[in-house]
Amino acid sequence: MSDTVGEAAIEVVGLTKRYPSGGTPVDAVRGIDLRVEAGQTYGFLGPNGAGKSTTIEMLCTIRNPTAGTARVAGYDVVRQRDQVRRRIGLVFQQQTLDLQLTAEQNLRFHAELYGLSRADADRRIGEVLEMVALADRRGDQVQRFSGGMRRRLEIARGLVHAPQVLFLDEPTIGLDPQTRAAIWDHLQWLRENTSITVFVTTHYMDEAEHCDRIAIMDHGEIVVEDTPEALKSRVGTDRIALRTDDDELAITRVRERLGIEAGMHEGQVTLAVADGAQVVPRLFTELGVGIRSVTVTRPSLDDVFLTYTGRTIRDSEGPQAPSSPFAGRR
Amino acid sequence: MADSVDARDVTTRSDAAPGAASAGLDPEVRSDLRHELRATWVVMRRELLRFRQDKARMVTMLLQPLLFVFVMGTGLGSIVDTGGGTSFQTFLFPGVLATSVLFTAAFAGISLVWDREFGFLREMMVAPISRGSIIWGKCLGGAVVATGQSLVLLALAGTVGIPYSPLLLLELIGCLFLGALLLTGIGVLLSTRIKTIQAAMPVSQLLIMPMMFLSGALFPLSGLPDWLAVLTRLNPLTYVVQPMRYLVLEHLSLTEAEEARLVPVLTWFGWHVPVGVQLLTVAVITLGLVTLAARVFRTTE
C-alpha cells in the first residue's frame with residue numbers, strides 16, 4: 001500500500017463508522033476499502049441510508065471513523081486534519097452560503113479562511129467566477145440568486161483555494177434538468193482541463209455516466225466498483241418488461257418453458273436476457289399467456305444499480321426504501 | 001441521523017495532538033497562530049459586512065434607547081428630585097447608553113443559531129481553522145457592531161448636558177465595548193446549546209429584559225431593598241452600567257446633594273468596590289464566558 005501513496009488521491013482501508021443509536025449500535029459504514037486515482041471523476045452511488053454521506057463526511061474530516069484509515073491528498077483524515085482540509089473543496093447537499101453577502105464576499109471569506117494571500121485571492125476569485133459564468137454577478141447579494149446560481153457559486157467556492165480533491169454531496173439534488181446539465185458541464189470541464197480529483201455522490205444514474213469510475217454502496221458496504229462501461233457489460237443483459245393478462249402464470253411459464261428467472265417490478269414482469277430481440281418472439285409463441293405490451297431496454301446504470309442493490313434508485317428514494325424483487329437478480 | 005453529530009465525532013485541535021510532532025515539520029503549519037488570528041479577523045469582518053447590509057436593524061435597535069432617554073426621561077423628570085440642577089435625563093443617559101448595546105450584542109451572539117440553520121456554520125466548521133477562532137471572531141464582531149451602533153446615541157450626549165470630553169468619550173466607548181463583548185459572549189454561549197431559531201428569540205428576551213432592569217440603568221442603586229440590591233450585584237451588566245454613570249457624573253460639577261443621590265456607590269458586603277475592580281470583574285466574566293463557549297462549541301458541534 002505504501003508504495004502506491006502519491007498516485008492515489010483518496011485511499012481508504014477498512015473504514016468503519018458505528019453510531020450509538022439507543023441501545024443497539026448501528027454500523028453506517030462497514031469496513032470499506034476504496035482507492036481513487038488522482039485526476040479522476042469518481043461517482044459514489046447508493047440508496048438513501050446506504051452510508052454515502054457518512055463516508056463522505058469521514059473523508060472530509062467532519063466525522064471521525066470508528067475504525068480503519070483514510071488518506072486524502074496523501075494525508076490522514078484524523079491525524080492530519082488541517083492538511084487534508086487545505087487540500088479539499090466541499091460542496092454540501094444543503095446550501096452553505098451567506099445569503100446576506102455578495103457572491104464575491106462569500107468567495108473572499110472562503111479564500112481568507114484557507115489562508116490565500118490577497119493577490120492570490122483576487123486572481124482565484126476572478127477565475128472561478130468566470131468558470132461558473134457568474135463573473136457579471138459578483139457584486140450581487142446571494143439572496144437574489146436562483147437555486148442553480150447558488151449551486152454554481154458553491155462549486156466555485158469549493159475551488160477557490162485550488163484543492164486537489166473536490167467533494168460534492170448530491171450537487172444536483174432539487175435542481176431542474178437544465179441546471180443539472182449546466183452543473184455537469186462545469187464538472188466535465190474540470191475533468192478535461194484540470195488535474196483535480198472529483199468525488200461526487202448522486203442519485204441520478206445518468207449523471208454517473210460522466211464519471212471515470214463509480215462505486216455503488218448499499219447497507220454500509222461497497223457492493224461493486226468499476227468503470228461505467230465495465231459495470232454495464234457486467235450486468236451484460238437486456239431487460240424485457242412485459243404487461244400480461246396473468247403475471248403469476250407468465251412468471252412460472254417463463255421459468256419452466258424458457259428456463260429464465262422472471263420477477264415483478266414496477267407492475268411489470270421483468271426478465272434479464274443476453275439478447276432481447278431473440279427472446280421476444282419466443283415469449284409470444286411459447287408463453288400461452290396474453291401479452292399486452294413488451295419493452296426491451298439495453299443495459300443502463302439503472303440496471304447495474306438494480307442488480308447490485310435489488311432496488312431501482314427511484315425506489316430507494318422512498319422513505320422506507322422497499323425492496324422489490326427483480327428477475328435478473330442472480 | 002446522519003445530520004446529528006455526537007460529541008465523539010468531533011475532531012478537535014487537542015485530539016489532533018498526536019499528529020503535532022509530524023505537523024511541526026510541515027512548513028504550512030508554522031504560521032498557525034497567524035492563520036488563526038487572521039481567521040478570527042475574517043469571521044469578525046463578516047459580522048460587520050452583514051450588519052452594513054441590514055440597515056433596518058440599525059434603526060430599530062436605536063429606537064428603544066431614544067425612547068428611554070427622551071420620552072421616559074423627560075416624562076419622569078418632573079417628579080424626580082436629583083437634588084440640584086442636573087436633569088434626570090443626564091442621570092439616565094449613561095445607563096441607557098450601556099443597555100443600548102444589549103440587544104444588538106446579544107442578537108449578534110445568538111445569530112450563531114441562524115448560521116447553523118442556514119448552513120453557513122458548516123462552511124466555517126470545515127475550514128482549516130480552530131473552533132476557537134470561529135467563536136472569538138463571532139464575539140468580537142458582534143461587540144464591534146454593537147459598540148459602533150451605540151456611538152450614534154453617544155453622539156447625542158450633548159443634548160442632555162454631558163460634555164464632549166475626548167477622555168470621557170474614550171472611556172465610555174471602552175466600557176461599551178466591554179459590555180457588548182459580555183453580551184455577545186452570553187449570546188454565543190446560549191447558541192451552542194439552543195439549536196432552533198424558534199427557541200433562540202424567547203430565551204434571549206428572557207435574559208435581556210431582566211439584565212437590563214436589574215443593572216440599575218434606569219434607577220440609582222443606593223437605598224434599594226435587600227432582595228433587589230442582591231439581584232443587581234449578581235448581574236454582570238451592573239458592573240458596566242455603574243462605572244459608565246460614575247465616569248459621566250465625574251465630569252460634571254455636582255452639588256453635594258446631587259452627588260449623594262446620583263453618584264453610584266457599589267458595595268460588596270460593605271466594601272466600596274472601585275470602578276477599576278468593577279470593570280475588571282466584567283472582563284474576567286467575559287473572558288470566562290467566551291472561553292467556555294469555545295469549549296462547549298468544540299465538544300458539541
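Two strands count as paired if DSSP finds at least two bridges between them. Strands here are DSSP E runs of at least two residues, helices are H or I runs of at least four, and both are numbered from the N terminus.

Now the ground rules. This is a predicted model: local features need pLDDT of at least 70, side-chain atom pairs count only at pLDDT 80 or more, and totals for chains, interfaces and linings use all residues. Residues are numbered from 1 along each chain as its sequence is written, while chains are lettered from A and ligands numbered from 1 in the order in which they are written.

Start with strand β11 of chain A, residues 238–244. Five of its seven residues are buried, so the rest of the structure largely encloses β11(A). Buried means 20 or more other C-beta atoms within 10 Å of a residue's own; exposed means 12 or fewer; partly exposed is in between; C-beta atoms are placed from the backbone.

β11(A) has antiparallel partners. Five bridges tie it to β13(A), residues 268–273. There, A:Ala241 faces A:Thr270. Six bridges link β11(A) to β14(A), residues 291–297. A:Thr244 sits opposite A:Ile291.

Next, helix α9 of chain A, residues 247–258. Which of its residues are buried? A:Ala250, A:Ile251 and A:Val254. Down the axis of α9(A), they fall within an arc of 100°, taken from the directions from axis to C-beta atoms, so they line one face. The face turned away carries exposed A:Glu248 and A:Glu256. The buried residues of α9(A) pack against β11, β12 (262–265) and β13 of chain A, with contact meaning backbone-placed C-beta atoms within 7 Å. Just after α9(A), A:Gly259 takes a positive phi of about 70°.

Notes. The expected span of a helix is 1.5 Å times one less than its number of residues. Two residues are in contact if their C-beta atoms, placed from the backbone, lie within 7 Å.
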